[in-house]
Each structure stands twice: as C-alpha cells, then as structure tokens.
Amino acid sequence: MKELIACCGLDCETCDARIATLNNDNTLREKTAKLWSELNGVPITLDMINCLGCRTEGVKTPFCDKLCPIRQCILKKGLSTCGDCPDREGCPTVDAVWSNNPEAKERLCGRS
C-alpha cells in the first residue's frame with residue numbers, strides 16, 4: 001500500500017496541507033486554514049498547515065499528529081491502517097470518514 005494513504009484510507013497525496021508543505025505555498029496554506037477553520041468550527045492558523053502525511057516521517061498538522069482519533073487508535077493498536085483492524089466494521093470512529101468518503105474504505109478494504 002502506498003505510504004501516502006492515511007490510516008483511515010484518505011489519500012494524503014491529494015491533501016492541500018501536504019501540497020502546501022511540499023511547495024512552501026503560503027497562499028494555499030492560508031486558503032486551507034480558512035476552509036478547515038470554517039468546516040471544523042475552530043481556529044486553524046496558517047502555521048498549522050504543515051504536513052507530509054499521517055503515516056510518513058516528518059511534520060504533521062496538530063490534528064493529524066495528536067488529535068485525530070483514528071490515527072491515535074491505529075498507533076495504540078500497533079496497526080498500519082484501519083484496513084488491518086479486525087474491529088473496523090461498524091467502528092463509529094472510522095465510519096465518520098468512510099460514510100462521507102467510500103473511496104477511503106475501498107482503498108483499505110476493497111469493494112464492499
């Protein structure tokens with residue numbers, strides 16, 4: 001599996017935070033911070049938009065690094081992704097992502 005597939009199955013390669021980090025693009029960082037602030041109802045600043053991917057070495061957004069319940073669960077269980085978890089079916093934590101992005105589940109579990 002590609003290293004840039006997140007624990008939940010989202011594709012970090014297409015994430016604006018990662019693209020902004022790789023290109024040192026402050027305009028994209030600002031746009032992403034504004035959008036994510038609105039979507040999440042919390043203040044997200046330009047300096048928080050630095051990430052190389054949740055399963056790669058290197059910098060991560062504060063959410064991806066310490067707050068993401070999916071990543072924290074995977075790390076605690078010593079797994080690579082939710083696709084490796086025997087409890088993934090019906091898991092309310094990852095279902096929050098998979099219900100809005102079935103492609104993420106397909107990346108980890110194949111067609112369901």
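Visitor: What makes a side chain here positive or negative, and how far apart do the centres of the two sets lie?

Guide: Lys and Arg count as positive and Asp and Glu as negative, while His and the chain ends are not counted, and each charge is placed at NZ of Lys, CZ of Arg, CG of Asp or CD of Glu. On that basis the protein chain has 15 positive and 16 negative side chains, with the two centres 3 Å apart. This is a predicted model, in which local features need pLDDT of at least 70, side-chain atom pairs count only at pLDDT 80 or more, and totals for chains, interfaces and linings use all residues. Residues are numbered from 1 along each chain as its sequence is written, and side-chain values use heavy atoms, with hydrogens and water left out.

Visitor: Why is Asn 24 called exposed?

Guide: Exposed means over 50% relative accessible area, buried under 20%, and partly exposed in between, using a 1.4 Å probe and protein chains only; Asn 24 has 57%, and therefore counts as exposed. Asn 24 sits in the loop between helix H1 (16-23) and helix H2 (26-40), and has a positive phi of about 45° although it is not a glycine.

Visitor: How do you know what the elements of the protein chain are?

Guide: Helices (H or I, at least four residues) and strands (E, at least two) are DSSP runs, numbered from the N terminus, and by that reading the protein chain has 6 helices and 0 strands.
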